Amino acid sequence: MALPKLVVILGPTACGKSGLGVTLAKKYGGEIVSADSRQVYRGLDLGTGKITIAEMDGVAHHLLDVAQPGEQYSVARFQQEAYTALDGVIERDRLPFLVGGTGLYLRSVAEGYVFQVAPPDHTLRAELEALPTEVLRQRLLDAGVELDSDAWNNRPRLVRLTEKLRSGGDPHAEAERQPRYDVLTLGVAYPREAICRRIDKRLVARLDAGMVEEVAALRSQGVSDEFLYGLGLEYRYILRHLTGELSMEELIEELGRAIKRFAKRQVSWFKKDKDVHWLDMEADPITEATELIDSFLS
């Protein structure tokens, strides 16, 4: 029996994934499932670049705002909730689009990872939790573990990967795959210089829209500094500003550089996937994507 069709749209930050997804979903009568490890949290809007109701333009979006800040949200949970959402789209006889930049989330669904569930070792977990993020990262790199862009500053995930490594298992533990969908993967990206310009422009716009105030409000609502710091990028650097470590000028400069480094790691990670059809975002990506989807569906 033929697998149901799924269109994946991926790429680095600030390259127009959300807008392209909406345009194509409207054209094909589709719905969008978000694949972003931070946009699952309620209240994390400007800092994550979460699409607004107006920007959705009537297209149904799933897996946004499904967890409370501070709540643990794993890739395994995402996979199961994404399966449920995608299958619902298919049952409604609509074309599902999986759109986002969190590499492991995307691959867990598109490739059908089978996660191995091991009982927790609380003693080992406590030991690892006490280690600095830089130490966890270096231990994994020294052991030959390849870290995607999402894991680089994701402390909970670094702890889990190190825990698996110390337990003698495969740190990624996704060797077995059971694909559930026939997938067309479209990639969006710009030349490096253009990505940097887009990041700078978007950062200023988000700060003007109240991104610092968003983080301050989360803290006043009881969201812990530890959780915010663990989110990395916007939330980490704004937290450092709010606690007096960075001036506004330093915040803009250091955060801009950090986002650009993150985007570079995303590009490197996604470019390893030979099945991605990279769209020319400086030409006519809509026409190019439409031709690919039409061929895929036929």
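This section describes the salt bridges of a predicted model. Residues are numbered from 1 along each chain as its sequence is written, and side-chain values use heavy atoms, with hydrogens and water left out.

With a salt bridge taken as a side-chain nitrogen of Lys or Arg within 4 Å of a carboxyl oxygen of Asp or Glu, the count is 18. One of these joins Asp182 to Lys5, with an N to O distance of 2.9 Å. Asp182 belongs to strand β5 (residues 182-189) and Lys5 to strand β1 (residues 5-10), 177 residues apart; helices (H or I, at least four residues) and strands (E, at least two) are DSSP runs numbered from the N terminus. Asp182 is partly exposed at 29% relative accessibility, and Lys5 is partly exposed at 28%. Here buried denotes under 20% relative accessible area, exposed over 50%, and partly exposed the range in between (1.4 Å probe, protein chains only).

A salt bridge at 2.6 Å, N to O, pairs Asp87 with Arg180. Because Asp87 lies in helix α3 (residues 75-91) and Arg180 in the loop between α7 (155-166) and β5, the pair ties together parts 93 residues apart in sequence. Asp87 is partly exposed at 22%, as is Arg180 at 33%.

Between Arg206 and Glu234, the closest N and O atoms are 3.5 Å apart. Arg206 is buried at 11% relative accessibility, and Glu234 is buried at 2%.

Note on methods:
Predicted model: local features only at pLDDT ≥ 70, side-chain atom pairs only at ≥ 80, totals over all residues.
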